[in-house]
Amino acid sequence: MKFAVIVFPGSNCDIDMYHAVKDELGAEAEYVWHDAESLDEYDGILLPGGFSYGDYLRSGAVARFSNVMKEVIKAAEAGKPILGVCNGFQILLEAGLLPGAMRRNDSLKFICRTVELKVENNETMFSSVYGKGEVIHIPIAHGEGNYYCDEATLETLKANNQIVFTYNETNPNGSLENIAGIVNEKGNVLGMMPHPERAVDELLGGADGLKLFQSIVKQWREAHVVKL
Amino acid sequence: MYKVKVFVTLRESVLDPQGTVVKNSLHSMNYSEVSDVRIGKYMELTVEKSDRPVEEAVKEMCERLLANVVIEDYRFEIEEAVAQ
């Protein structure tokens, strides 16, 4: 399975993301610049965190119109797994691939620390290796992670089991219903504020994020490997 | 040529944490008459005349880029400007 790590001007978690899938997961990965014309050769698309285009206007608002995003939308329609972390999540929201929007953290502070997440739905292609209700430790690092959507959207998210991760007990940023990560209705686009790519090695404080990447590969193998 | 002033604010239904902090500061300075503060963005656009009505073009720009209508409201004022 081959991953594309999309690099925008101002991305700064692209190297961590590449390291997670290439070295820790052992999959193929390549950096893909924001003006790329095609993503056809990739099986999974990763939108890393950072401050694309300096977060000008709104986080993700400018990146959403970059050339590669047309291809990301095409890949989403084709059912390929797409993971947006932090700024990547914000870009997916601005692009309309996921519902809702991000507000500034209610504390108005940039928060950088490890938090507890609860796996609310372990039946997605991003979470199947976790147990249902499993509590995991993943770092967050953001100033605008205060998720918002209107009531009707929230009802839809709940009804379709689209809320995959929530902050466990303590809400760090004011996010609606403790939401930390959601998938689209089809289940192949995940956006989350916490950084699983920063939790892939016990030596660096924890490896709870690795199961997320393992889930993607597991689903891909089940779908693509022909049993003899 | 037109000068367009665009104002973007968080929607009424969305809590504005910056506005709340500024309101509390004003209260601590004894401006107790302030009941609400909303912080927003102000943008000035210079738009050349074209075949397309300027109102229609600016509305589209607001919807597509300048505001995120999930959480923000926008309004704009258009003035006809004489080229310098």
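Reading the fold of chain A

In this predicted model, chain A has five helices and 11 strands.

Q: What share of the residues of chain A count as buried?
A: The cut-off is 20 or more other C-beta atoms within 10 Å of the residue's own. Of the 228 residues of chain A, 54% count as buried.

Q: What share of the contacts in chain A with a separation of 6 or more comes from residues 24 or more positions apart?
A: A contact needs C-beta atoms within 7 Å. Residues 24 or more positions apart account for 76% of these contacts in chain A.

Q: Why are the buried residues of H1(A) said to line one face of the helix?
A: Helix H1 of chain A covers residues 14-24, and its buried residues are Asp14(A), Met17(A), Ala20(A) and Val21(A). Seen down the axis of H1(A), they fall within an arc of 130 degrees, so they line one face. Their cover includes strands S1 (2-7), S2 (28-33) and S3 (44-47) and helix H5 (210-224) of chain A. Just after H1(A), Gly26(A) takes a positive phi of about 85 degrees.

Q: What makes both faces of strand S11 of chain A count as covered?
A: Residues on each side are buried. Val189(A) and Gly191(A) lie on one side, Leu190(A) and Met192(A) on the other.

Q: How do you know that S4(A) pairs with S11(A), and in which sense do they run?
A: Pairing needs at least two bridges. Strand S4 (residues 82-85) of chain A has four to S11(A), so the strands pair, and they run parallel. Gly84(A) stands opposite Gly191(A).

Q: What makes S10(A) and S11(A) a pair, and in which sense?
A: Three bridges join strand S10 (residues 179-183) of chain A to S11(A), in the antiparallel sense. The cut-off is at least two, so they pair. Here Ile182(A) stands opposite Gly191(A). The hairpin of S10(A) and S11(A) has five residues between the strands, and in this hairpin Gly187(A) takes a positive phi near 90 degrees.

Q: How many residues of chain A are in contact with chain B, and of which classes?
A: 10 residues of chain A are in contact with eight residues of chain B. The chain A side has four nonpolar, one polar and five charged residues.

Key. Residues numbered from 1 in each chain as written. Chains lettered and ligands numbered in written order. Predicted model: local features only at pLDDT ≥ 70, side-chain atom pairs only at ≥ 80, totals over all residues. Contact = placed C-beta atoms within 7 Å. Nonpolar A, V, L, I, M, F, W, Y, C, P; charged D, E, K, R; others polar. Buried ≥ 20, exposed ≤ 12 C-beta atoms within 10 Å, placed from the backbone. Arc of directions from axis to C-beta.
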